[in-house]
Amino acid sequence: MTRTVSERAREIAVIHETDVLVIGSGPGGLAAALASARTGVKTTLVERYGCFGGNITQVGVEGFAWYRHPATIDSEGIGREFEDRAKAMGAALPEPQSISHALDAEAFKYVADCLVEEAGVIPMLHRMFVAPIMEGDTIRGVIVESKAGREAILAKLVVDASGDADVAHRAGAPTQMHPKAEMMSASVMFSMCGVDKGKFIAAVKADPQTYADWAKDGEWSVETSDKEDAMFSPFLRKPFEQAHKAGLLPDNLATIAGTWGTVSDQGDLTYLNMVHMTLDGTDPDDLTHGEIEGRRQAMQAIAALRRFQPGCEQAKLRNFGMTLGIRDTRKIDAAYNMTANDVREQGRFEDSIGIFPEFIDGYGLLIIPTTGRYFQVPYRSMLPKGVKNLIVTGRTIGGDKISHAAVRNMMCCAVAGQGAGTAAAVAVKTGRDFGGVDVSSVQAELRRQGARID
């Protein structure tokens, strides 16, 4: 039996009231806040860390659109704006496997600051959501915790962009989560400096790797649609195989392998996605173990690269991501739950709030969008059951495993986020909740903002 203690009842000060409250500032939450504020609606963005950007800035996943190829029909709107603005502000570099730019994780912190300030979003960093404020089945705001203690924020409408459906879950909306053994792995992202770019690129060109190599002689089982198999991928496994043979890596550590993102003229090798672990991103003990074990494995990976990857002989750690890269936790049971057929067979919906190319990466499946195929994201997939005045966006929208492997990607999170924020603004202006908003009005505003919905 679990021991308990009693917490005394107390009055919590309401420090802020707003029209639209967005919880979480990853690609989905940042896009939601910008979309809402740009309509003139009072919008507040709450973030537990000290910067906006989520997976981009806090984890260091810089490859925002690494799937994009010449025939890709890609999303438009705020997600593309992230990339374009980063390029204009010197916060991006060409991505090696696509016709996109990788976002500089550190510099994008400032890019995001500028976007938030320009849109008139009210920023609230260093505040962590801890509980919803409920009246029956209707959310009226949230309780946050910070250095200032417990505080209350009231809102007409709330956007849950927490990444783990934290608000929806604690408000009583039904959610589902796969057993830990079936979840997509978590990553510790890291970057190196002191790399000899010329020597590194020459070695890559001398032994080019493809997407088919992801599944060769390794721990992963990857299914493709065959067209990906001969395409170049910035993939590294051979240095780690050599390190195992030399005794530099222990036999029980077979999971180190993966991709690199960019290499700068200054010798920064970034977005090293090579450490993968199975853990539950909603369990703080798992997260603690993952952070500590992940950094240990990353240092072992660096030692292997220094020894066996040409160009890395004098390199060293530049930085770790601020936190783990979590791909998979809770998903809501939505008014409509997306399916594998939706993302693999160009799903079309009357309540579309955006499009995303047929890019699927996860649960053992990899499809790169090289043929112009795309699907629509339905508004209903963001509506949780059982809770009013709440919408859920980002990677936790309703769906099955394969649909999640598509919609979890950062650009699609931005698509969903822009749709959620726009819906919130339209609902506020018309005095409705999310379930009763006029979707055609939401679509009209999305088009005005430059999003593509069909």
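I began with helix H3 (residues 78-88) and helix H11 (residues 410-430), whose axes come within 7 Å and cross at roughly 125°. Axes here are lines fitted to C-alpha atoms, for helices over the stretch in contact, with angles running from 0 to 180 degrees between N-to-C directions; helices are DSSP runs (H or I, at least four residues), as are strands (E, at least two), numbered from the N terminus. H3 and H11 are therefore oblique to each other, given that under 35 degrees counts as roughly parallel, over 145 as roughly antiparallel, 65 to 115 as roughly perpendicular and the rest as oblique.

The model is predicted, so I noted that local features need pLDDT of at least 70 and side-chain atom pairs pLDDT 80 or more, while totals for chains, interfaces and linings use all residues. Residues are numbered from 1 along each chain as its sequence is written, and side-chain values use heavy atoms, without hydrogens and water.

Next I listed the contact (heavy atoms within 4.5 Å): Ile 78, Gly 79, Arg 80, Phe 82 and Glu 83 in H3 meet Met 411, Ala 414 and Gln 418 in H11.

I then turned to salt bridges, defined as a side-chain nitrogen of Lys or Arg within 4 Å of a carboxyl oxygen of Asp or Glu, and the count came to 30. In the one between Arg 295 and Glu 291, the closest N and O atoms are 3.4 Å apart. Arg 295 and Glu 291 are separated by about one helical turn, because they lie 4 residues apart in helix H8 (residues 284-308).
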